[in-house]
Amino acid sequence: MSYSSGTITSATPASDLLSTLESLLTAHGSWSYVQQVTLSGNNYRVWKSNGSGTGANSFGQDFYVIFRADTAANNVLACVAESFITSSGNVVRPVAGKNSSSPLNANGSFGNETTGIALNDSSLPYVYVQTPTGGFPYYISITANRICLASGSNTAFYVGLFDSLLPAEPFPLCMSCTYSIRPFSQGDSGASRQPGKAAGNTDTYNFCHRLYTWTTTSGNTQTVDVAFGAPLASRVLLAPYFQNASQYGYARGLLYDCFYLPDGSTATRNGDTMSVGSDAYVKMMFGTSQLSAGVWVNTAV
């Protein structure tokens with residue numbers, strides 16, 4: 001794995017943070033740079049998680065993460081897709097969110113399965129982190145399965161695979177983000193396929209999800225285990241925004257190498273560490289509920 005943290009203060013913070021991230025991806029044995037796609041003056045950087053060979057991801061199939069440095073808004077953006085067409089620069093079966101009202105394909109994805117979707121298409125949601133010009137800390141955690149990036153004071157995202165709980169998961173690919181200590185937004189979060197829905201369905205909530213503690217109950221209600229007055233760490237649950245057990249279950253999957261732990265404070269604590277057995281976990285700002293909370297990532301994997 002790769003874990004890195006630091007501070008960036010420059011006139012081009014988004015570009016510098018993306019360069020830092022790409023240097024870690026270059027050094028990581030599980031990731032490969034594919035190509036750059038330029039659309040409307042914006043450069044989209046395409047990276048692949050290797051599904052075979054040394055350092056292959058747990059699903060055993062390639063998937064693609066696309067980054068863009070938004071130098072005007074000072075953000076680093078990301079989206080995820082199951083496949084990428086090098087000749088056209090389009091993605092196939094991308095992760096989609098609440099605003100994806102295109103009819104579902106028979107396999108649970110959306111969009112043209114042959115020609116793909118352009119990276120600047122309005123149907124593609126992008127998660128992002130902020131890169132303030134006055135300087136900011138950053139925290140990056142990379143494994144074969146996913147990338148976690150936190151920057152600024154309150155922004156972070158998770159892009160990549162999840163540990164599916166379904167008996168037959170077509171492709172466990174998701175992304176989520178948070179900002180301003182708010183819960184994960186269904187508009188900024190999603191999966192690449194929505195099993196259990198009929199082909200042609202146009203429900204705008206097909207793909208979206210929120211993250212909960214593993215002790216979630218039903219609907220948008222969630223609970224936190226408390227023992228002897230202290231909160232217990234829990235794996236982070238991926239669940240549909242509108243949970244429908246008859247179609248796709250209450251529990252879709254779990255994020256890899258991430259713990260949910262309420263911290264009892266509204267203070268941002270990016271970079272705090274805790275020990276779990278012999279592993280070290282670091283807090284990255286992933287507020288997963290209205291509770292003051294955070295997600296901690298394993299720096300030892």
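Let me start with a definition: the helices here (H or I, at least four residues) and the strands (E, at least two) are DSSP runs, numbered from the N terminus. Hi everyone. What you see above is a predicted model, so local features are taken at pLDDT of at least 70 and side-chain atom pairs only at pLDDT 80 or more, while totals for chains, interfaces and linings use all residues. Residues are numbered from 1 along each chain as its sequence is written, and side-chain values use heavy atoms, with hydrogens and water left out.

Let's begin with helix α1. It covers residues 13–27, which is 15 residues, and runs 21 Å from its first C-alpha to its last. That is close to the expected 21 Å at 1.5 Å a residue, where the expected span is 1.5 Å times one less than the number of residues.

Which residues of α1 are buried? They are Pro 13, Ala 14, Leu 17, Leu 18, Leu 21, Glu 22, Leu 24 and Leu 25. Looking down the axis of α1, these buried residues fall within an arc of 165°, so they line one face of the helix. The arc is taken from the directions that run from the helix axis to the C-beta atoms. On the other side of α1, Thr 26 and Ala 27 are exposed. As for the words, buried means under 20% relative accessible area, exposed over 50%, and partly exposed in between, with a 1.4 Å probe and protein chains only.

Rolling a probe the size of a water molecule over the atoms shows where empty space is left. The largest pocket holds about 190 Å³ of space. It is lined by 13 residues, and the closest to its centre are Ser 15, Leu 18, Asn 43, Arg 68 and Ala 69. Two or more lining residues come from each of α1, β3 (42–49) and β4 (63–70). Which element gives the largest share of that lining? It is α1, with four residues. By type, the lining divides into two nonpolar, seven polar and four charged residues.

A quick word on terms. On a 1 Å grid over the protein atoms alone, a pocket is an open set of points with protein on both sides within 12 Å along at least five of seven lines, and a lining residue has an atom within 4 Å of a point. Points are joined across faces, edges and corners, and the volume is the space filled by probe spheres set on them. Ala, Val, Leu, Ile, Met, Phe, Trp, Tyr, Cys and Pro count as nonpolar, Asp, Glu, Lys and Arg as charged, and the others, Gly among them, as polar.

Now for Asn 298, in strand β20 (residues 293–298). Is Asn 298 buried or exposed? At 2% relative accessibility, Asn 298 counts as buried. Its side chain makes a polar contact of 3.4 Å with that of Tyr 281. Such a contact is a pair of N or O atoms within 3.5 Å; within protein, one must be able to donate a hydrogen and the other to accept it, and residues adjacent in sequence count only if both atoms are side-chain atoms.

Phe 259 sits in strand β17 (residues 253–262), and is buried at 18% relative accessibility. Phe 259 and Asn 298 are 39 residues apart along the chain, yet their C-alpha atoms are separated by 8.2 Å.

Last, two backbone details. Ser 40 is not a glycine, but has a positive phi of about 50°. Ser 40 belongs to the loop between β2 (31–39) and β3, and is exposed at 69% relative accessibility. Asn 74, in the loop between β4 and β5, also has a positive phi, near 60°.

Note on methods. On a 1 Å grid over the protein atoms alone, a cavity is a set of points where a 1.4 Å probe fits but cannot get out, and a pocket is an open set with protein on both sides within 12 Å along at least five of seven lines; lining residues have an atom within 4 Å of a point.
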